[in-house]
Amino acid sequence: MKLIIAIVQDEDASRLISELMNEGFGVTKLATTGGFLKSGNTTLLLGVEDNRMQEGLGIIEKICKSRRQIAASPITMGGSNGMYSSFPIEVTVGGATVFVLTVDQFVKY
Ligand code: 2BA
């Protein structure tokens, strides 16, 4: 068995969960925050049998779109007047950041 951890954009989360549930996957949704943008994203946990892992990854790939976002750079520029300010940068976020872990044991009580 595998545990798929998928970090996706909030905009894609509802559709992705619906599609996964329709196809019979078990899904847990966590509200998370990206370390770089410091804005909300969604992390999904899916426990899947090995023979359905590719199918699950395929659905995530199909639904999750990459988007460009403007963010405040964490790097600050120093001015001659001693003031420091961050500047906007454009980043491409997603479609999805996915980790696949092998599950040692799966029990339900
Ligand atoms: P954030 O950390 O908020 O990052 C959002 C986007 O900002 C990233 O998109 C990437 O395009 C950009 N970015 C991140 N760190 C950067 C840096 N040091 N310099 C310049 N640009 C940077 P994605 O790579 O698609 O990541 C989307 C979200 O997935 C991330 O949100 C984070 O929550 C998660 N993530 C990505 N890689 C991860 C990793 N190795 N471990 C854990 N979570 C990860």
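Of the 109 residues in the protein chain, 26% count as buried, where buried means under 20% relative accessible area with a 1.4 Å probe and with the protein chains alone taken into account. Before I go on, please keep in mind that this is a predicted model, in which local features need pLDDT of at least 70 and side-chain atom pairs count only at pLDDT 80 or more, while totals for chains, interfaces and linings use all residues. Residues are numbered from 1 along each chain as its sequence is written, and side-chain values use heavy atoms, with hydrogens and water left out.

The chain exposes about 7300 Å², and carbon and sulfur atoms supply 53% of that area; accessible areas here come from the Shrake-Rupley method with a 1.4 Å probe, and for residues only the protein chains shown count as cover.

Turning to the fold, there are two helices and six strands, and they follow the pattern β-α-β-β-α-β-β-β along the sequence. Helices are DSSP runs of H or I with at least four residues, strands are runs of E with at least two, and both are numbered from the N terminus.

Which residues have the most contacts inside the largest nonpolar core? They are L16, L20 and L46, in a core of 16 residues; such a core is a set of buried Ala, Val, Leu, Ile, Met, Phe, Trp, Tyr and Cys residues joined through side-chain atoms within 4.5 Å. At least two residues of this core come from each of β1 (2-8), α1 (10-22), β3 (40-48) and α2 (53-63). If we leave out residues up to four places away in sequence, L16 touches V8, L44, I59, I60, I63 and C64, a contact being heavy atoms within 4.5 Å.

As for polar contacts, which are pairs of N or O atoms within 3.5 Å, a backbone N or O atom of F36 lies 2.8 Å from a ligand oxygen. A polar backbone atom of T92 is 2.7 Å from an oxygen of the ligand, and for G94 a polar backbone atom is likewise 2.7 Å from a ligand oxygen. The protein covers 52% of the 760 Å² of accessible area that the ligand has on its own.

Notes. Polar contact = N/O pair within 3.5 Å; in protein donor to acceptor, adjacent residues only side chain to side chain. Buried < 20%, exposed > 50% of the residue type's maximum accessible area, 1.4 Å probe, protein only.
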